[in-house]
Amino acid sequence: MKRLIIRPGALGDCTLALPAMEHLAAGCETEIWAPSTVTALIRFGSAVRSLASTGIDMVGLDGIAAPENFVRRMRSFDSVVSWYGANRPDFQEAIAAMGIACEFLQALPSPEGNEHAVDFFARQVGAPSGLNPRISIAPERRRGSLVIHPFSGSLRKNWPLAHYREVAARLGWPVEWTAGPEEDLEGAHRFENVGDLAVWLAGARTYVGNDSGVTHLAAALGIPVIAIFVASSPEVWAPRGPNVSVLVRPPVDEVLPLILEMA
C-alpha cells in the first residue's frame, strides 16, 4: 500500500507528531509532506517532500485550479492522512472533488484538553500512548557544553533572559547560546536550517530552554534537557525524551543543581 502523510506546523508541533507519523509509515511505502524547516529531521518513510514544493497551498483557492502535478500525485496513493486542511472546508471540498479519499485529523490538541500532545496525535492514528519522539543524528564533534536557547514562539513563555545569564555565569562550565535569525542575542550560534542545528545540538552536554520547538528538538535527540515553563501547560506540551526534566517558573537556585545532576 502507498500512503501519503501530510503534516503542517511549527518545529515543536511536528516533532511531537513524529511517533504518530512513524506509526502510520510502518509497513507501507510512505511519502511524507512537511514544512521545509523539518524535512531534514524525518528519518523514516520512502520519501520526504516540503509542503511548498507540492503545490498544496494553491488547492481550494477561489478561481484557481489545483496544479496538475498535485492532482496526479495525490491520486497515486492508496491512503492519504492529513493534518493539513482539517479546518478548511474549501480545501476538503477540493480534495473530494478530485476523487481522493483523505482522512483529515485535527492539527493541534484542544486548548481545553489536558492530554499530552504526543498522546493526542498518537491516539488519532491508533498508536500507543507514552511514546517519545526520536531523531537519530550523528552529533558534531566538539567539547560538550551547556547549550541555552532562551527564546520561544511567544514572549509570555520565556523565562527572563537575566535568569539564563545568571545560570551561565554561576555554573562554571562552557556555555554556548543559540538563537533564531530574528532573535536578538549577541554571540549566539545561528543556523540556516534545522538539520544543521540538530547536528550541533546533538553534541551538547546538557540543554536548557523554554517551551519551544528547539527544546522539543533537543529532547528528541536524546540529550539531557531542562525545559522551563512559564505560561503554557507542561501536562500538554512538556518535551519528551529519555532524560528530560520540567520546571515551572523556577528560581535560578533550582535550575543550577539540576543541571549538575543531569549532566
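**Notebook: aromatic rings and an open sheet**

I started with Phe121, which is buried because its relative accessibility is 0%, under the 20% cut-off. A reminder to myself: this is a predicted model.

Phe120 and Phe121 make an edge-to-face aromatic pair, with 5.5 Å centre to centre and 65° between the planes. I then looked up Trp159 and Tyr164: their ring centres are 4.9 Å apart and their planes stand at 90°, so this pair is edge-to-face. Trp159 is buried at 3% relative accessible area, and Tyr164 is buried at 1%.

How many aromatic pairs does a search of the whole structure find? I got seven. Ring pairs also join Trp83, Phe120 and Phe121 into a cluster.

Then I checked charges over rings. Arg7 lies over the face of Phe121, 4.8 Å from the ring centre. The charged end of Lys2 sits over the ring of Phe77, at 5.3 Å from its centre.

On to the sheet. I traced five strands in an open sheet, in the order β7-β6-β8-β9-β10, with parallel pairing. Its edge strands are β7 (175–177) and β10 (244–248), each pairing on one side only. From one strand to the next, the twist averages 20°.

I zoomed in on β9 (residues 225–229), which pairs with β10 in the parallel sense over five bridges. Here Val225 stands opposite Val244 in β10.

Last, the helices. I saw α6 (residues 161–171) lying across β6, β7, β8 and β9, at about 155° to β7. Helix α8 (residues 213–221) packs on the sheet and touches β6, β8, β9 and β10; its direction makes about 150° with that of β8.

Conventions
Residues numbered from 1 in each chain as written. Predicted model: local features only at pLDDT ≥ 70, side-chain atom pairs only at ≥ 80, totals over all residues. Heavy atoms only, no water. Pairing = 2+ DSSP bridges. Helix = DSSP H or I, 4+ residues; strand = E, 2+ residues; numbered from the N terminus. Axes fitted to C-alpha atoms, helices over the stretch in contact; angles between N-to-C directions. Contact = heavy atoms within 4.5 Å. Phe/Tyr/Trp six-rings, centres within 6.5 Å; stacked < 30°, edge-to-face > 60°. Buried < 20%, exposed > 50% of the residue type's maximum accessible area, 1.4 Å probe, protein only. Lys NZ or Arg CZ within 6 Å of the ring centre and 35° of its normal.
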